[in-house]
Amino acid sequence: MVAVGGAEQMVLSSDAVLSSDARWEMVDRLTRQTVTYGTYKRTLGDVLGELTVKPLTGIPVAVAALFAFWSIFCSFAGALVTDGFMVKLFDAHWLPWLQSLWPDPASWHYFVFVGDPLADNCFEAFGVLTSGLFVSIGVVLPAILIFYLMMTVLEDSGYLPRLAVLVDSVLHRVGLHGYAIVPAILGLGCNVPAVTATRILETRKQRFIMMSLLAIFIPCGAQLGVMLEVIPDMVGMVFLCLIVGFCLFGYILNKVIPGENPEILVDVPPYHWPVKENVAKKLCNRTKGFLKEAVPFVLFGVLVVNLLYLGGVIQALAAFFEPLFVTWFGVPKETVGPLIAAFLRKDLAIAQLSVIPMTAYQMFASVVLISIYFPCVATFVVMLREGWKELIAALAVLFVVVFAYGGLIHAIGILLGVA
Amino acid sequence: MQKKLFELEFGDMAVVREIHTSHHDLNCMGLRVGKELKMITKQPIKGPVVVLLGEVEIAMGLDMAAEILVDVIGTDA
Amino acid sequence: MADSTKNKITVLMVGNPNVGKSALFNRMTGSNAVVSNYPGTTVDFTKGTLIEGRQEYEIIDVPGTYSLEPRDAAEEVAVRMLRDCPDAIVMIVFDATKIDRGLYIALEVMERGMPCIVAVNMMDAAHDKKITVDTAGLQRLLGVPVVATTATSGEGIRELAEQIRKAQVADLDAILKRLNGENTAKKQVSGCGGCGGC
Ligand SMILES: Nc1nc2c(ncn2[C@@H]2O[C@H](COP(=O)(O)OP(=O)(O)OP(=O)(O)O)[C@@H](O)[C@H]2O)c(=O)[nH]1
Ligand SMILES: [Mg+2]
């Protein structure tokens, strides 16, 4: 024990700054006088806590949990709400009603707001009020609702730090550590808060790697929702492709970027039941955020794309980029339109792909391309806020990755004879 | 018997004797010389180590755990 | 002097990660800060307003930090806020099951000479774990108001809000003396505003 007289003098003489040992000494004496520990019986929560962090039991639980997460997401968002309800509502009632009501099918405003007068479903019509509303309310809203509900349960129960422990050794190979799973999972909901959440990583190197990989390889909930609707059979393949890319380019970035790569050091909080009010509150706030910020963006995106079509800009760009698109990426030149939309909203871009006639492989390649290509403008803005140098570097990485990975996928497609 | 922290077996209880790495960070998370801890798990393929310190569980990287020396005082089944 | 312009007092909520700062903040200000059960939920600051006894407080929820030597960018935000608001009252939030860690950062803050108030949160969890915290004793030893709270149920929030105005600059020498059993009470009472409550 430090002599108290000594510590006292230290306080008096210097500018009231204690050494950290002196502080701990004081802390110990304060706790000894004020805190008493009784005998504590382990609860079910503690037992579960240990089981879910031990590799033998924890890894199967993690796999099961993520699988359950995914199947609930698919069945609720895809099958139940969107197909079972929204598609009927929009295609059988909203679209015909608008088509009959809006004057002058040959006019520019009909094209912009209602879209194709002959369309029989809201995906293909591609007007602001048809596809724009259908994509944002009919497809994406149910998807993010169920996604956020499950994410909130993960967050509030205390499972995330345990998942972080389980995936640590994998993420360590790509220059990160297990706790990077937090921004990664937040990113599956929306990349915007995830970019800020990279602040929990210790070094600039780690933050940069995570931010780049996030912007490139992690699809957001809205995008996932539309993918489920447009290419339900290929979502798994796309995911695999993105995960492989995540690991591959993470590994490379880790090797080329100088800087430190500290190990995980994190609190593992005890489990507790998610508080109902808190879950409801978060769900409500996030949904409100979506309605306020994302929906106008989707509508605006359709408007911009349609106006660009009318002005002939997209056709010109498509002709210009045709060699690159067809020979390098192996996708039709019309993909230019969706790629422009992708800068505004990725969900919108994928929806737009569905109207372009192409083979299954081309569809797959375009979806991957849209996923890894430029982050949406909202993500772009928060990345800028975190530092413009990082943003520029991340964009450089992005260009390299899009070309290299896009080309690689095309090459594999050719080798397999599907491209 | 003095050991490195990561050499503990599941359920081993030990007292921290020396910390040769990220002293400050570990202290702030409650891992201090003289404190008792219990090994909860070690992850495979060089994964992290999870220990229980009183009421708190913390996870740390394997290299960090290699720099912490402890005295084994018993096992808790 | 800051009061002449706006008459608003800034209160910074500082403490370890995952102790329930954001939950307390939401309770006091009715805001919608994100509350989750993992350390590092809050990575940026959020402001909210509390009106208590005709006094308006601007409460700022900051990211949790283990010490004032930041380890990552989120902790940097917390340390920067402390530096940028030198006139603020600091509300230090403890987790009742992890008092020692909380005290460490509390001492670091107190050394800066800022007026402090302590909230010992998670009292329900401590009770479940059979840990008892003598908040009155802590208040006596530290010489700043110490309030027991449970953010999830709302217990102690009222009192916490009422006690903000009694925040005190802690005197580390006096704390050491009191730890040795010396009586330094005379200094104490004068700062209390004479409410007779404590
Ligand atoms: N049992 C119990 N749980 C609480 C209490 N206060 C907060 N919590 C829970 O503790 C967890 C952390 O709460 P937050 O408010 O997010 O913690 P924070 O201090 O803001 O954490 P950071 O933002 O990471 O620094 C949440 O799951 C809350 O529901 C409490 O008084 N009792
Ligand atoms: Mg918080």
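**Helices, a metal site and loops in a predicted model**

In helix H18(A), the buried residues are Tyr361(A), Met363(A), Phe364(A), Ala365(A), Ser366(A), Val367(A), Val368(A), Leu369(A), Ile370(A), Ser371(A) and Ile372(A). This description rests on a predicted model. H18(A) is mostly covered, with 11 of its 13 residues buried. The length of H18(A), which runs over residues 360-372 of chain A, can also be checked: at 1.5 Å a residue, its 13 residues should span 18 Å, and the end C-alpha atoms lie 19 Å apart, which agrees.

Chain A holds 20 helices and two strands. Taken along the principal axes, a box of roughly 90 × 45 × 45 Å is filled by the C-alpha atoms of chain A. Of the 419 residues in chain A, 55% are buried.

Packing between helices comes next. Two packed helices are described by the angle between their axes and the distance between the axes. In chain A, helix H7 (residues 128-157) and helix H14 (residues 276-310) have axes that come within 9 Å and cross at roughly 150°. Because angles over 145 degrees count as roughly antiparallel, H7(A) is roughly antiparallel to H14(A). The crossing of H7(A) and H14(A) is right-handed. Sorted by class, the residues in the contact of H7(A) with H14(A) are 19 nonpolar, six polar and four charged.

Asp104(A) has a phi near 60°, a positive value in a residue other than glycine. This residue, Asp104(A), sits in the loop between helix H4 (55-101) and helix H5 (108-113) of chain A. With a relative accessibility of 45%, Asp104(A) counts as partly exposed.

Chain C brings in a metal site. The magnesium ion (ligand 2) is coordinated by Ser22(C) through OG and by Thr42(C) through OG1, at 1.9 Å. Ser22(C) belongs to helix H1 (residues 21-29) of chain C, while Thr42(C) belongs to the loop between H1 and strand E2 (46-52) of that chain, so the pair ties together parts that are 20 residues apart in sequence. Both Ser22(C) and Thr42(C) are buried.

H1(C) is mostly covered, since eight of its nine residues are buried. The buried residues of H1(C) are Lys21(C), Ser22(C), Ala23(C), Leu24(C), Phe25(C), Asn26(C), Met28(C) and Thr29(C). After H1(C) comes Gly30(C), which has a positive phi, near 70°.

Two loops of chain B complete the picture. Ser22(B) is not a glycine, yet its phi is positive, about 25°. Ser22(B) is found in the loop between strand E2 (12-19) and helix H1 (23-28) of chain B, and at 32% relative accessibility Ser22(B) counts as partly exposed. Lys46(B), in turn, lies in the loop between strand E3 (36-42) and strand E4 (49-53) of chain B. With a relative accessible area of 67%, Lys46(B) is exposed. From C-alpha to C-alpha, Lys46(B) and Asp12(B) are 19 Å apart in space, and they are 34 residues apart in sequence.

Technical notes. Residues are numbered from 1 along each chain as its sequence is written. Chains are lettered from A and ligands numbered from 1 in the order in which they are written. This is a predicted model: local features need pLDDT of at least 70, side-chain atom pairs count only at pLDDT 80 or more; totals for chains, interfaces and linings use all residues. Side-chain values use heavy atoms; hydrogens and water are left out. Axes are lines fitted to C-alpha atoms, for helices over the stretch in contact, and angles run from 0 to 180 degrees between N-to-C directions. Helices (H or I, at least four residues) and strands (E, at least two) are DSSP runs, numbered from the N terminus. Angles under 35 degrees count as roughly parallel, over 145 as roughly antiparallel, 65 to 115 as roughly perpendicular and the rest as oblique. A crossing is left-handed if the near helix is turned anticlockwise from the far one by less than a right angle, and right-handed if clockwise. Ala, Val, Leu, Ile, Met, Phe, Trp, Tyr, Cys and Pro count as nonpolar, Asp, Glu, Lys and Arg as charged, and the others, Gly among them, as polar. Donors are N, O and S atoms within 2.8 Å of the metal (3.2 Å for Na, K and Ca); water is not among the atoms, so sites may look incomplete. Buried means under 20% relative accessible area, exposed over 50%, partly exposed in between (1.4 Å probe, protein chains only). The expected span of a helix is 1.5 Å times one less than its number of residues.
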